[in-house]
Amino acid sequence: MTSSTPSLVKNSKQSDNQPLLHVQDLIVEYPTSEGNLRAVDHVSLSLKNGEVLGLVGESGCGKSTLGFALLRLLKGGYITDGKIIFDGKDIAKVSDESMKNLRGTQISMIFQASQNALNPLQKVSRHFKDTLKAHNRWNDESWNNVLELLNRLEISDSRLADYPFQFSGGMQQRIVIALTLMLNPKLIVADEPTTALDVLVQARLLQLLKDLIKELNLTVIYITHDLGVVAEITKRVAIMYAGEIVEIADTVTIFENAAHPYTKALINAIPNVKDTSKKKLAFIPGFPPDLKNPPTGCRFAERCPYTIEACRKERINDVKIPSDTGIEHTVKCLMNDDKFKHQFT
């Protein structure tokens, strides 16, 4: 690009005491013939401007549903309770029209399957032009910013005349990222954006994304089941299991001093390429509970090696764990509750 091209806009910082996003006791349910399935159950979390939060859990735990709920893009599901305070406003209660205006400009999403996010019958340029026109942003400056963003993502201007099917999967995903960032939203929800890519392409895309996050001061919720990606890109991690967030801490603490048995099990299941002992890979036995009829107590109790009787009967509340990092560490487990911890020794 020439020196006359406008620079990408860096998001401004907010007060450290005012989160950009505050989710409070959010409940999302899907109606079924056997009753409502509660995919997200009383989830609470906060996110400061410029922070990257990893949202981790096995398939079916509710992490993608939570991501879609933040943008009010649920299909077949409904927010039945709770708040989503974004930039001071509860967007769980705003009108559909107001939410439509917020998407793209204030809060946006990088979808998991790029081939489903792009229209194969439209040239790549049309995707960007239509988005700009839909938000009344169509002008030379905005278009130059699009070209700069694409170049940063290593896509040549000349490829704008091509159709999505003429690109590789990795390049399609870069186009989707550019579409997500082009209107300079304050919050990005990235739903496993590198899952379908091979390791080398994934590594390069992650590096490009890391660079943009730093340069533009992006605020990101990164949804993934890959703890290796979490270690690479996030500052804090929320571990999700069976519709609940069971542990939140800074990324280093999650890997070095995890407190919830489920978190520990996930970390232990990561293959170690340096281990030559030929021991079997660790795995988590059993299955998650039925979310149409979840247990009263801990939802991990039937799979946990430390379960006591109280785990199955007591309502499990968040417990704060002392932290030396200055970042709050909370866990939903009786092993850390002063009232019960003596029973685990």
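A: The structure holds 22 salt bridges. This is a predicted model, where local features need pLDDT of at least 70, side-chain atom pairs count only at pLDDT 80 or more, and totals for chains, interfaces and linings use all residues. Residues are numbered from 1 along each chain as its sequence is written, and side-chain values use heavy atoms, with hydrogens and water left out.

Q: Why is the contact of Arg 174 with Glu 154 called a salt bridge?
A: A salt bridge needs a side-chain nitrogen of Lys or Arg within 4 Å of a carboxyl oxygen of Asp or Glu. The closest N and O atoms of Arg 174 and Glu 154 are 3.2 Å apart, so the pair counts as a salt bridge.

Q: What parts does the pair of Arg 174 and Glu 154 tie together?
A: Arg 174 lies in helix H6 (residues 169-181), and Glu 154 in the loop between helix H5 (140-152) and H6. These parts are 20 residues apart in sequence. Helices (H or I, at least four residues) are DSSP runs, numbered from the N terminus.

Q: Why is Arg 174 called buried?
A: Its relative accessible area is 11%. Buried means under 20%, exposed over 50%, partly exposed in between (1.4 Å probe, protein chains only). Arg 174 is therefore buried. Glu 154, at 38%, is partly exposed.

Q: What makes Lys 320 count as exposed or buried?
A: Lys 320 has 62% relative accessibility, so it counts as exposed. Its salt-bridge partner is Glu 328, with the closest N and O atoms 3.1 Å apart. Glu 328, at 46%, counts as partly exposed.

Technical notes:
Helix = DSSP H or I, 4+ residues; strand = E, 2+ residues; numbered from the N terminus.
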